[in-house]
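Open the model in your viewer and keep the selection tool ready. We will go from stop to stop, and at each one you will hear what to select and what is there.

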Amino acid sequence: MSKIIVIDPGHGGKDPGAVGGNLQEKDICLDIARKLRLELQPYDVEIRLTRDRDIFVALNTRSESANSLRADYFISLHNNAGGGTGFESFIFSIPSASAIQAQDIIHNILAAFFAKYGFIDRGKKRANFAVLRRSQMPCILLENLFIDHPNDQTFLADETKRRLLAATIKDALVKALDLKLKEVTWDPVGEIARLTTAGIISSPHLPLDVVNWGELATVFNRLRGRVVQGTLNWNPELEIRALYDDNLINTLHKPFNSLLWGPFATVLNRLRGRRFPDEPAWNPEREIKQLQLDKLINTLRQPTDLLYWGEFATVINRHRS
Ligand SMILES: [Zn+2]
């Protein structure tokens with residue numbers, strides 16, 4: 001059974017929490033909570049937010065909903081204020097052993113993250129806060145910097161920094177709660193369907209159909225928004241010609257020739273702005289290796305392996321996301 005984590009973005013609605021500059025604690029906490037939920041998506045864990053909008057939720061409601069869910073962990077997100085700087089975390093004043101253990105792990109990971117940006121570690125603390133007292137599972141409350149301190153505020157106002165913070169909280173939860181990745185089963189039919197839904201392909205393909213050059217050129221031109229002709233009829237020669245004109249391929253391939261992994265990797269890398277000027281000659285192994293480095297493929301392929309629609313759609317979807 002999956003673990004359940006309740007993420008509690010502090011304050012909300014009529015209660016803005018602490019305020020600093022044009023930042024309100026309630027907004028920062030909700031944004032980090034949503035980013036954290038997204039970060040945890042690949043993990044085998046059920047995530048609930050005590051609020052997913054700018055609404056007021058009473059403190060006891062927050063704990064009660066976590067209790068009735070029989071959540072495994074409760075993490076409350078706040079920002080500090082009132083004349084200080086840096087990071088601190090709280091657990092209940094009479095904590096369980098598992099709450100102490102989780103705080104040790106989570107706090108240390110976050111303190112190290114904040115230290116990289118010059119923020120001090122204010123320590124692992126304990127307090128008789130309502131959400132910590134009333135929640136029946138191990139809990140933690142994070143005070144992520146001081147919203148009313150200029151340095152802390154600059155950090156919190158930065159969308160990228162908030163995303164990095166959410167990713168670090170995710171890392172901390174994964175370690176503290178020993179979360180595992182979901183078992184992903186490959187769904188080539190679904191991958192092809194996603195291309196249809198996105199308007200990138202118009203006719204159906206089976207996962208074990210081999211991709212040909214005309215099809216590849218058409219998909220790549222649609223991906224890069226290159227409109228090739230105004231006529232209704234598909235013209236694969238013109239699609240290939242467009243790739244050639246734009247320097248994505250060096251040869252005018254025949255539309256119904258089958259695609260091999262080496263050329264496919266090369267065109268995709270060029271589309272992604274990856275070129276290898278240091279190579280004296282074309283190096284298809286390196287082109288394929290680059291796809292693996294970019295996490296578009298999990299296992300290496302031979303340059304002369306045929307490219308099938310199921311795997312093609314999967315790689316293209318990973319490239320798009
Ligand atoms: Zn708060």
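## Stop 1: the zinc site

Select the zinc ion: its protein donors are His-11 (NE2), Glu-25 (OE) and His-78 (ND1), lying 2.0 to 2.1 Å from it. Donors here are N, O and S atoms within 2.8 Å of the metal (3.2 Å for Na, K and Ca), and water is not among the atoms, so sites may look incomplete. Along the chain, the donors of the zinc ion follow the spacing H-x13-E-x52-H.

Before going on, a word about what you are looking at. This is a predicted model, in which local features need pLDDT of at least 70 and side-chain atom pairs count only at pLDDT 80 or more, while totals for chains, interfaces and linings use all residues. Residues are numbered from 1 along each chain as its sequence is written, and side-chain values use heavy atoms, with hydrogens and water left out.

His-11 lies in the loop between β1 (3-9) and β2 (19-20) and Glu-25 in helix α1, so the pair ties together parts that are 14 residues apart in sequence. The helices (H or I, at least four residues) and strands (E, at least two) are DSSP runs, numbered from the N terminus. Buried means under 20% relative accessible area, exposed over 50%, and partly exposed in between (1.4 Å probe, protein chains only).

## Stop 2: helices α1 and α6

Two packed helices are described by the angle between their axes and the distance between the axes. For helix α1 (residues 25-39) and helix α6 (residues 159-177), the axes come within 8 Å and cross at roughly 55°. Axes are lines fitted to C-alpha atoms, for helices over the stretch in contact, and angles run from 0 to 180 degrees between N-to-C directions. The two helices, α1 and α6, are therefore oblique to each other. Angles under 35 degrees count as roughly parallel, over 145 as roughly antiparallel, 65 to 115 as roughly perpendicular and the rest as oblique.

Show the side chains next. On α1, the residues making the contact include Ile-28, Asp-31 and Lys-35, and on α6 they include Arg-162, Leu-165 and Ala-166. Contact means heavy atoms within 4.5 Å. By class, the contact of α1 with α6 has eight nonpolar, no polar and seven charged residues. Ala, Val, Leu, Ile, Met, Phe, Trp, Tyr, Cys and Pro count as nonpolar, Asp, Glu, Lys and Arg as charged, and the others, Gly among them, as polar.

## Stop 3: helices α8 and α10

Select helix α8 (residues 213-223) and helix α10 (residues 261-271), which pack at an angle of about 15° with their axes 12 Å apart. That makes α8 and α10 roughly parallel to each other. Trp-213, Leu-216, Phe-220 and Leu-223 of α8 meet Pro-263, Phe-264, Val-267, Leu-268 and Leu-271 of α10. How many of the residues in the contact of α8 with α10 are nonpolar, polar and charged? Nine are nonpolar, and there are no polar and no charged ones.

## Stop 4: Val-211

Step back to Val-211, in the loop between α7 (188-197) and α8. Val-211 is buried, with a relative accessible area of 0%. Not counting residues up to four places away in sequence, Val-211 touches several residues, among them Leu-216, Leu-259, Trp-309 and Phe-312.

## Stop 5: the loop between α11 and α12

Go to Lys-295, in the loop between α11 (284-293) and α12 (309-320). Its phi is near 60°, a positive value in a residue other than glycine, and Lys-295 is exposed, with a relative accessible area of 66%.

Asp-294 is in the loop between α11 and α12 too, but Asp-294 is buried, at 18%. Leaving aside neighbours within four places in sequence, Asp-294 is in contact with Arg-272 and Arg-274.

Finish with Ile-297, found in the loop between α11 and α12 and buried at 7% relative accessibility. Its contacts, leaving aside neighbours within four places in sequence, include Trp-261, Ile-288 and Val-315.
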